[in-house]
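Please look over the sequence and the structure shown here before reading on. The briefing that follows goes through the surface, the secondary structure and the sheet in turn.

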Amino acid sequence: MAAVTLTILFTSLCLLSTASCRTMVGRATEIADVKANKEVQELGKFAVEKYNEGLRLWQISFNGGEEDHGQEKLQFGEVVEAKQQVVSGMKYYLKISATTKRENGVPKMFNSVVVVKPWLRSKELLHFGPYSTSSSSHSH
């Protein structure tokens, strides 16, 4: 009797965990209330900082260190939309509002993808570019 009960319990737990994982793993899900989510806002700030670092390195390497007025550093505003996807870590798809001095504080939108692996204490910027609706639909 105990073996049958244990088998039923084990099978039930397996089915429940598979059903809940199926909705989480592999599918990007919307993050609610992103403007109040400190972790998401920090990831947006991280993405802009990494973009600016890459821009600075590009200017040093290819432009003799002189400022390229066509490529100006961004000032982080806020993350306005975000999705997350369970991968080997957590992948975040962020829609970021940022400004440049040249644009007189008028915000522009950018898409960004960041992967976080907490057990390695790592964050990696995979993509950063101008916002487009085609790259905002993430169902990878």
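The model is a predicted one, in which local features need pLDDT of at least 70 and side-chain atom pairs count only at pLDDT 80 or more, while totals for chains, interfaces and linings use all residues. Residues are numbered from 1 along each chain as its sequence is written, and side-chain values use heavy atoms, with hydrogens and water left out.

**Surface and contacts**
- The protein exposes about 9400 Å², an area from the Shrake-Rupley method with a 1.4 Å probe, and carbon and sulfur atoms supply 58% of it.
- Among the contacts (heavy atoms within 4.5 Å) with a separation of 6 or more, 48% come from residues 24 or more positions apart.

**Elements**

- The 5 strands form an open sheet in the order E1-E2-E3-E4-E5 with antiparallel pairing, where two strands pair if DSSP finds at least two bridges between them.
- Strand E1 (29–30) and strand E5 (122–130) each have a single partner strand, so one side of each is left without a neighbour in the sheet.
- E1 pairs with strand E2 (residues 75–87) in the antiparallel sense over 2 bridges, and Thr29 has Gln84 in E2 as its bridge partner.

Key:
Helices (H or I, at least four residues) and strands (E, at least two) are DSSP runs, numbered from the N terminus.
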